Amino acid sequence: MNPKHIAIIPDGNGRWAKQRGESRISGHIRGTAVVKDTIIQAKQLGIPILTFYAFSDENWKRPQDEIQGLMMLLKEYLISERATLVREKIQLRALGEISKLPPFVLEELQKTIEMTSSFNQMILNFAISYGGRSEIVRAAKLLAKACMAGDVKPDDISEKSFQKHLYTADLPDPDLLIRTSGEMRISNFLLWQMSYTEIYAPEVLWPDFNTNEFLKALEVFRLRKRRFGLTDEQYES
Ligand code: IPE
Ligand code: IPE
Ligand code: MG
């Protein structure tokens with residue numbers, strides 16, 4: 001079976017550029033083109049939910065010119081890909097502290113989210129200014145406020161009700177995480193949601209990720225045995 005929800009950490013843009021003696025931003029430019037192709041691929045393969053880690057909480061600490069370049073690219077992406085998202089009936093959502101984004105990006109992001117909000121062919125999440133820990137703290141604050149207001153009793157808080165306060169409230173957890181560039185870490189991505197996600201970390205750098213690599217990831221996923229804490233025998237029956 002194909003995964004219903006794929007999360008991707010598109011890592012390795014900087015190393016790809018360095019290998020070519022180019023600036024880091026040229027790696028991000030190429031990486032953005034690969035994001036576009038991957039979205040179309042996922043749609044054609046019938047993947048219902050795709051989540052990209054576009055910019056982490058920690059990425060705000062990168063050099064200012066790189067942040068500026070990434071923000072410009074994001075803005076250009078949102079403007080140039082709007083028509084594709086509409087044509088393909090893809091709903092764009094943002095996960096993260098988007099109020100931290102510069103207004104020129106936030107405006108285009110909100111416009112694209114609004115324009116695509118009624119579509120249901122695929123959900124495309126961009127995690128931008130996103131951190132898994134800050135998402136969990138945010139949910140805890142929302143619940144604490146609901147308790148203070150008398151709408152929720154502390155003893156009634158459950159995993160299910162907690163999950164409803166995450167950015168991904170109405171979405172299933174990712175079945176598969178693809179992190180390119182061979183790094184074996186989560187880097188503060190979807191900490192709550194990835195408790196049972198299958199992790200695949202191919203060596204390929206994100207700018208070189210292509211259809212073949214995508215199909216390989218799906219094949220690896222198909223061969224995985226997911227047990228969710230049960231024994232093989234239980235899970236097979
Ligand atoms: C991932 O590529 C893109 C973002 C973080 C926005 P990197 O920029 O992290 O590339 P490397 O890891 O330095 O090669
Ligand atoms: C994770 O990659 C964030 C994104 C791809 C947006 P990083 O390159 O920032 O992660 P670390 O620093 O190697 O863990
Ligand atoms: Mg990186």
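Reply: Let us begin with the polar contact, which is a pair of N or O atoms within 3.5 Å; within protein, one must be able to donate a hydrogen and the other to accept it, and residues adjacent in sequence count only if both atoms are side-chain atoms. In this structure, a backbone N or O atom of Arg 15 lies 2.7 Å from an oxygen atom of ligand 1. This is a predicted model, in which local features need pLDDT of at least 70 and side-chain atom pairs count only at pLDDT 80 or more, whereas totals for chains, interfaces and linings use all residues. Residues are numbered from 1 along each chain as its sequence is written, chains are lettered from A and ligands numbered from 1 in the order in which they are written, and side-chain values use heavy atoms, with hydrogens and water left out.

Me: Which side chain has an N or O atom 2.7 Å from an oxygen atom of ligand 1?
Reply: That side chain belongs to Arg 62, while a polar backbone atom of Gly 14 is 2.9 Å from an oxygen atom of ligand 1. As for accessible area (from the Shrake-Rupley method with a 1.4 Å probe; for residues, only the protein chains shown count as cover), ligand 1 has 380 Å² on its own, and the protein covers 86% of that.

Me: Which helices each supply at least two residues of the shell around ligand 1?
Reply: Helices are DSSP runs of H or I with at least four residues, and strands are runs of E with at least two, numbered from the N terminus. Here the helices are H1 (13-19) and H2 (24-44), and the largest share of the shell, three residues, comes from H1.

Me: How should I read the shell around ligand 2, and what are its polar contacts?
Reply: A residue is near a molecule if one of its heavy atoms lies within 4 Å of it, and the residues around ligand 2 include Tyr 53, Phe 55, Asn 59, Arg 62 and Arg 179. The side chain of Asn 59 has an N or O atom 2.9 Å from an oxygen atom of ligand 2, the side chain of Arg 62 has one at 3.3 Å from an oxygen atom of this ligand, and a polar side-chain atom of Arg 179 lies 3.2 Å from an oxygen atom of ligand 2. Of the 390 Å² of accessible area that ligand 2 has on its own, the protein covers 76%.

Me: Which strand gives the largest share of the shell around ligand 2?
Reply: Strand S2 (residues 49-56) does, with three residues.
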